[in-house]
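Here are my notes for your read-through, as numbered points. Keep the 3D view open and click along as you go.

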Amino acid sequence: MMDLAAYTTSTGEAFQFWVLGTIAVIGALCTVFMKRAVHSALCLAGTMIILAVFYLANGAYFLGVVQIVVYTGAIMMLFLFVVMLVGVTAADSLKETIKGQRWLALLCGLGFGILLCAGIGNASLNEFNGLGQANAGGNVDGLAALIFTKYVFAFELTGALLITAAVGAMVLTHRERTERAKTQREMAEERVREGKQLPPLPAPGVYARHNAVDIAGLLPDGTPSELTVSKTLRSRGQIRDVSNEAINDLKALEQRAGERLGREEEAAK
């Protein structure tokens, strides 16, 4: 009796699974437990790339390419760039904006765990026909036939879950306003009464030679102006101080100007 393909694994396939699977699990755990959002995003991107390798190794070429191009290359990189540009602190607010959301999240997680266990149990009890029959007309055609015939309900349910996740992300960023929003005129009058910065803030950079956001603009006396740099960059310690170099350049310029004026006076005499 010939063994089924589902129960025969080559040495290379087993080695690949245990090595990359271990790295994928470590990356998933680091995604949850990392304190910085940028590090979590990088770990999640690595885990998604390993999942794409698993798809390709098992003959699901379409899913493997989509996993890399769409999820890892587009969505995760976009999220990573947004986190790096905007900046997210590690401090999380413990105040709930929606009452009972923790119990709902626990209930949803329990239901997802039950569905996951049921799916794994169903997959381990049934025999597989192999990928040859599923990909007889091509991987894309076989995948489309399964999605829109046998697994159409699961496909629609997955779409509903993705929409729910998008709505949940918007709800989590919602903050209830306890007072009326101030108008632009009221904010301007408040700045005048309190004596705050009335004109626009000075632009970053040193005179006209730099326009980098991490370089503080210099005042006429050569000292850096704190109003020209972002508070986020200052708290991260990413501000470059070039005031000493500028002051030395000014001193050297004054010295050269004085020497030139002295030579011109001597020549006039």
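1. Glu-190 and Lys-182 join their side chains in a salt bridge, with N to O at 2.7 Å. The term means a side-chain nitrogen of Lys or Arg within 4 Å of a carboxyl oxygen of Asp or Glu. Glu-190 is partly exposed at 25% relative accessible area, and Lys-182 is partly exposed too, at 46%. For those labels, buried means under 20% relative accessible area, exposed means over 50%, and partly exposed is in between (1.4 Å probe, protein chains only).

2. Before going on, a word about the source. This is a predicted model, where local features need pLDDT of at least 70 and side-chain atom pairs count only at pLDDT 80 or more, while totals for chains, interfaces and linings use all residues. Residues are numbered from 1 along each chain as its sequence is written, and side-chain values use heavy atoms, with hydrogens and water left out.

3. How many salt bridges does the rule give? The count comes to 4. Arg-180 counts as exposed because its relative accessibility is 59%, whereas Glu-186, at 29%, is partly exposed.

4. Next, have a look at Arg-185. Its salt bridge partner is Glu-189, and their closest N and O atoms are 3.3 Å apart. In general, an α-helix has 3.6 residues a turn, so residues three or four places apart point the same way. Arg-185 is exposed, with 64% relative accessible area, while Glu-189 is partly exposed at 31%. Arg-193 comes in as well: Arg-185, Glu-189 and Arg-193 are linked in a network of salt bridges.

5. Now zoom out. The protein has 10 helices and 0 strands. Both kinds of element are DSSP runs numbered from the N terminus: helices are H or I with at least four residues, strands are E with at least two. Of the 269 residues in the protein, 14% are buried. The accessible surface is about 21,400 Å², and carbon and sulfur atoms account for 66% of that. These areas come from the Shrake-Rupley method with a 1.4 Å probe, and for residues only the protein chains shown count as cover.

6. What about contacts along the chain? Among contacts between residues at least 6 apart in sequence, 50% join residues at least 24 apart. Contact here means heavy atoms within 4.5 Å.

7. Just after helix 2, Gly-59 has a positive phi of about 90 degrees.

8. Leaving aside neighbours within four places in sequence, Ser-40 is in contact with Cys-30, Thr-31 and Met-34. Thr-47, also in helix 2, counts as buried at 10% relative accessibility. The side chain of Thr-47 reaches the backbone nitrogen of Ala-28 at 3.4 Å. Not counting residues up to four places away in sequence, Thr-47 touches Ala-24, Gly-27 and Ala-28.

9. Last stop: the surface. Leu-56, Tyr-61, Val-65, Ile-68, Val-69, Val-70, Tyr-71 and Ile-75 form a nonpolar patch, with about 690 Å² of accessible area together. Patches take residues with over 30% relative accessible area and no salt bridge, joining like charges within 9 Å and nonpolar side chains (Val, Leu, Ile, Met, Phe, Trp, Tyr) within 5 Å. Which element gives the largest share of the patch? Helix 3 (residues 61-86) does, with 7 residues. Ile-75 is in helix 3 and partly exposed at 46% relative accessibility. Val-70 is partly exposed at 36%, and, leaving aside neighbours within four places in sequence, Val-70 is in contact with Val-65 and Ile-75.

Notes. Polar contact = N/O pair within 3.5 Å; in protein donor to acceptor, adjacent residues only side chain to side chain.
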